[in-house]
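Have the model open beside you as you read.

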Amino acid sequence: MKYRTLGRTGIKVTPYCLGAMMFGAMGNPDEDECVRMVHRALDAGINFVDTADAYSHGGSEEIVGKALKGRRDDVVLATKAHLPMGDDPNHRGNSRRWLVRALDDSLRRLQTDHVDLFQVHRPDPDTDIEETLSALTDLVRAGKIRSFGSSTFLASDIVEAQWVAERRGLQRFRTEQPPYSILDRGIEREVLPVAQRHGMGTLVWSPLAGGLLTGRYRKGQESDTHRAGFGFRYLSDDRRLEAVEELIPVAKEAGMTLTHMAMAFAISHPGVTSAILGPRTMDQLDDLLAGAETALSDDVLDAIDEIAPPGADIGALDMGYTLQTPSGAALRRPLPQRSAA
């Protein structure tokens, strides 16, 4: 595979990144098969692996650590922290207290002394961004991480973080990991341009729109897939399913599968560094790898634009991030008196 530079870090990564979210209890409990999947991806030329502490409650990181024994130096390894790792309210979020602890836990599970990219999994309105950036800067200086980034941040949050880093003399977010697919193009308006302006690498998640762009979810048909069992609302969104029905013939006419067209679309945007593959089985991984050389012509891109307009989302992924803003009377009335009760 060809290499791209991850923002301005100088780190070279492949256009496809192996995502390990489905490794472990929440996806594929067969650890040996998951290890073989990592090896298969590396043997195919992928050098970028992304996981997170919350995936299978640390199980994914343990599998990745096992798989990378003897190959760690050849892999750009990324993980994330923020999501709850227990009932304790301080075992989550983007505070210094938690990020330092979470990283140490991740390094132990990954069986390594550093990660190349450490990402905050979601914004944390309860934590000052300076607190987060200060902690991450110290972790870089300690040699435990090489670079750090954000995931699913709003464009305004990205800009604020860049401004705070410059103002306070701290290291800055080098990457952003947003959702992006043919059906989820909202980041084309602000997030991708902002990331490009600040020299940030972008590794996009869910390029298959949470499985909808595999063609296994069709309008008026029941699906028995693993993902369908989680009850995600986006899988039954009529607007998204109607778009899928229109996209299938576009892919067929172009002589490719819908899956391959969707992956090629995700990495064709100049602001995208890498797209995250999220296979659960070896067959799924092999299918994704088979489309690695797929490229889209202008005619195909124009046809996609007619169905899914640039800069627009068709529905929304359940796993995305929505800023909780006050409305109505809450805009003019003070918060109620806080109480320990």
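This is a predicted model: local features need pLDDT of at least 70, side-chain atom pairs count only at pLDDT 80 or more; totals for chains, interfaces and linings use all residues.

Two packed helices are described by the angle between their axes and the distance between the axes. Here the axes of helix H8 and helix H9 come within 9 Å and cross at roughly 60°, and the two helices are therefore oblique to each other. The crossing of H8 past H9 is right-handed.

Where they touch, Thr259, His260 and Met263 of H8 meet Asp287, Leu288 and Ala290 of H9. Three residues of this contact are nonpolar, two are polar and one is charged.

Now look at H9 by itself. Its buried residues are Met282, Leu285, Leu288 and Leu289. Viewed down the axis of H9, these buried residues fall within an arc of 125°, so they line one face of the helix. The face turned away from that buried side carries the exposed residues Asp283 and Ala290.

What do the buried residues of H9 pack against? Their partners are listed here:

| Partner element | Residues |
|---|---|
| Strand E3 | 16-19 |
| Helix H1 | 31-43 |
| Helix H8 | 258-268 |
| Strand E10 | 274-277 |

Finally, turn to strand E8, residues 175-177, where you will find Thr175. Is Thr175 buried or exposed? Its relative accessibility is 0%, so Thr175 counts as buried. Leaving aside residues up to four places away in sequence, Thr175 touches Leu6, Leu117, Gln119, Phe148, Gly149, Ser150, Met200, Gly201 and Leu203.

Technical notes. Residues are numbered from 1 along each chain as its sequence is written. Side-chain values use heavy atoms; hydrogens and water are left out. Axes are lines fitted to C-alpha atoms, for helices over the stretch in contact, and angles run from 0 to 180 degrees between N-to-C directions. Helices (H or I, at least four residues) and strands (E, at least two) are DSSP runs, numbered from the N terminus. Angles under 35 degrees count as roughly parallel, over 145 as roughly antiparallel, 65 to 115 as roughly perpendicular and the rest as oblique. A crossing is left-handed if the near helix is turned anticlockwise from the far one by less than a right angle, and right-handed if clockwise. Contact means heavy atoms within 4.5 Å. Ala, Val, Leu, Ile, Met, Phe, Trp, Tyr, Cys and Pro count as nonpolar, Asp, Glu, Lys and Arg as charged, and the others, Gly among them, as polar. Buried means under 20% relative accessible area, exposed over 50%, partly exposed in between (1.4 Å probe, protein chains only). The arc is that of the directions from the helix axis to the C-beta atoms.
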